[in-house]
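Please look through the sequence and the 3D structure shown here before reading on.

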Amino acid sequence: MKNRAKIVFLIFYVVVICGCGVFYLAYGRRLYRNICTPQAYSPITGYSAEIVDGIPEGYEYGVPGYKATDGMKVMEITYKLRGVVNEPIEFTGGLCDYYDADGECLDALDRDPAYWAYIDGTVLPPGENVIYREYVLVPEGTESIRAYPSMGENEELLIEL
Amino acid sequence: MKCGKCGKQFDEAVNGICPMCGQPYSRTGRRLISGDRGIRRGMVLLLLVIAATAAACNMKKRHIAGLYQIVDFESETAETGQMFQINGRRLKVEKAEVVDTSALSGMPKDQKLIAVKVSLMPGDGKRSITTEPGMIYLSDGCICRQWLDERTLDRILSPGEPSDGEEADYSPGEVLTEYDYADDVLLTERRGTFYFLMDEEVQTASISFDQLRREDGISVLEKRVSVPLSFEEGTP
C-alpha cells in the first residue's frame, strides 16, 4: 500500500516537472509571436496636419459614390516615423483609423494601384526616420480629428490643424 | 536501542519499529524518514520547480523583448570610391547617376531611376555563421526605397514608341540584387548596379547596407554602412 502511494506520488512529480518543461517551450514559442511583431510597437514620433486642395496625385477615394463628397475637404496628415524594432516595416496604407469629434468614422484615401505599381510601400528600416502621409476626407470646417494607430498601444492621437 | 522520537528502549532485532510510537528504524539504526515527511519534501521541491519555471519564462520574455526592441548598432559612413567591409564582403560604391528615362514608357510619374554602381570583392576573413545580410536601401531623409528587382526593372525599362527612327532602349548592364551580394560564394571581384526609384525633386540621398546578427531566433541589426550620394545625369 505504501509502495503504491509512493509510486503514485512519483508519477505525479514526474508529470508536473515534465509539464513545466513543456510549458516553458510552448511559452517561448508564443513569445516570438506576441513580442516579435512590429504591430505591437508604435513608430509614430510626431504628426501634423493641413487641408490640401483636392485629391493628391496617386490617391483615390476608394468607393466613389458610396458617400457624398460634396462639402468634404482633404486633410493631409504628415507622420514622422522611426524604426523602433529590429525588423524593417513596410507601410502600404492604413496607419490609423480616423474619427471626428462626434465619433463618426472618417474615410482615408486609398493609394491608386496604377500609380504605386512599381513603388513598394514606404519601408522603415530599424533606426531610420521617414515621413509618411495619409489623406483623410473631413467635413468642411473641421479643426481637429481623432486617430487611433493600428500599431502599438492604440492610444488616441488628437490631430489638430 | 533507544527510539529517537519517544525515547523508549527496545530490541531492534525483534521489533523493526518502536513499540511505543511506531517510528520505523533501518538496519543501521538510523531513523527512517516517515512517509508524510517525504511527501512534504516532494511538494516543496515541486513548488520550487514551478517557481523556477515561472522565473525562467519571465527572464526569457525580457531577453527576447530586449533583443527585438533595442535598436543599437554600429553606424559607419563611407565615401564614394572608398572600400568598406560589411557582411563578410568588401564593397565600394563607385557612383550614382540618374538614368535618362524620357524615352521609356514604363517609368512611374514624378519618379526618377537612380543607378548606383557597386564593386563587390571577397572579404578579408570568413563570414561569421551568425551574420546575415540585411536591407539595402536608398534614403533622402524622408523616404527609404529598396532596390528594384529584375522583373520590375524590365517593366520600367520597356522601350516607348521610337521617335526619329531611333529605337529607345536602355541596357541596365549587370543588375545586382541583395542575393548577389549576400551569396556565400564570392571568389572574385564583381561589378554591378543597384537600381532605385526616387522622387523627382530628390538631389541627394544615401545608400545604406545593413548587416544583421542572428541571436536567439531574432535578426538583430548589428552594423550599417551608409554612403552619401549626389546624382549625376547619366547617358542612356
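How much area do chain A and chain B bury between them? In this predicted model, where local features need pLDDT of at least 70, side-chain atom pairs count only at pLDDT 80 or more and totals for chains, interfaces and linings use all residues, chain A and chain B bury about 3600 Å² between them, with 67% of it on carbon and sulfur atoms; buried area is the accessible area (1.4 Å probe) that two parts lose on being put together, summed over both. Residues are numbered from 1 along each chain as its sequence is written, chains are lettered from A and ligands numbered from 1 in the order in which they are written, and side-chain values use heavy atoms, with hydrogens and water left out.

To this contact (heavy atoms within 4.5 Å) chain A gives 38 residues and chain B gives 47 residues. On the side of chain A that touches chain B, the elements that give two or more residues are α1 (2–35) and β9 (129–139) of chain A, helices (H or I, at least four residues) and strands (E, at least two) being DSSP runs numbered from the N terminus. The largest share of that side, 13 residues, comes from α1(A).

Within chain B, five strands form an open sheet with mixed pairing in the order β1-β9-β8-β5-β6, where two strands pair if DSSP finds at least two bridges between them. Its edge strands, each pairing on one side only, are β1 (74–77) and β6 (144–146) of chain B. β1(B) pairs with strand β9 (residues 218–230) of chain B in the parallel sense over four bridges, and B:Glu74 has B:Lys223 in β9(B) as its bridge partner.
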